[in-house]
Amino acid sequence: LRSGTENVAGIVAAGYALEESVKEMIDVSKRLKAMVEDTVIGIKERIPTVKVNGDSECCLPGMVNLGFDGVSGESLMHLLDLKGICVSTSSACTSGSDEPSHVLLAIGLSKQQAKSAIRISYGRDNTAEEVKAIVKAVCDAYAKAIAASDFTC
């Protein structure tokens, strides 16, 4: 260790920031969970065959993994990207791989089901209006992908 003066002001500021974050954590978690519920309900209204992959109760707030019959998750991801909406088909540690998610396979999905999945993530700064826009964009992208019938595994 090198000797020197500790950044006392920085340490105190970090402590206050942590306290603020912890105070808001429960409220933010509830809001994120509501956004996910609104997303799932909105998408299921237009696409009744959509499936929620994973446990809807024991999960991180603000994240949902959805499976769409008959389309590639990659196609949906690219169509949504064209609308400025970022979703994912895999984790960061497997990006660039053509293999389906090992986690989705481990929970019992087939390769085709795993490849039809996208993950939507919300954060503390997302709004209810953005949820509505995402629901519409996902449903529109699904309709376009189904029309193109490009799903192959």
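How many residues apart in helix α5 are K136 and D140? They are four residues apart, so about one helical turn separates them. The model is predicted: local features need pLDDT of at least 70, side-chain atom pairs count only at pLDDT 80 or more, and totals for chains, interfaces and linings use all residues. Residues are numbered from 1 along each chain as its sequence is written, and side-chain values use heavy atoms, with hydrogens and water left out.

View 1. A salt bridge here is a side-chain nitrogen of Lys or Arg within 4 Å of a carboxyl oxygen of Asp or Glu. K136 is partly exposed at 48% relative accessibility. D140 is also partly exposed, at 31%. Salt bridges with shared partners join R46, K136 and D140 into one network. (Buried means under 20% relative accessible area, exposed over 50%, partly exposed in between, with a 1.4 Å probe and protein chains only.)

**View 2. Helix α5 spans residues 128-148.** Its 21 residues reach 30 Å from first C-alpha to last, close to the 30 Å expected at 1.5 Å a residue. The expected span is 1.5 Å times one less than the number of residues. Helices (H or I, at least four residues) and strands (E, at least two) are DSSP runs, numbered from the N terminus. Buried residues of α5 include V131, I134, A137 and Y142. Their cover includes α1 (8-46), α2 (73-82) and β3 (117-121).

**View 3. The largest nonpolar core holds 30 residues.** Such a core is a set of buried Ala, Val, Leu, Ile, Met, Phe, Trp, Tyr and Cys residues joined through side-chain atoms within 4.5 Å. I43, L66, F68, L76, L80, I120 and Y122 touch the most other members. Two or more residues come from each of α1, β2 (63-67), α2, β3 and α5. α5 gives the most, with nine residues. L80 touches I85, V87, I118, A137, V138 and A141, leaving aside residues up to four places away in sequence. Contact means heavy atoms within 4.5 Å.

**View 4. K51 and D69 form a salt bridge.** The closest N and O atoms are 3.2 Å apart. K51 lies in strand β1 (residues 51-53) and D69 in the loop between β2 and α2, so the pair ties together parts 18 residues apart in sequence. K51 is partly exposed at 39% relative accessibility. D69 is partly exposed at 34%.
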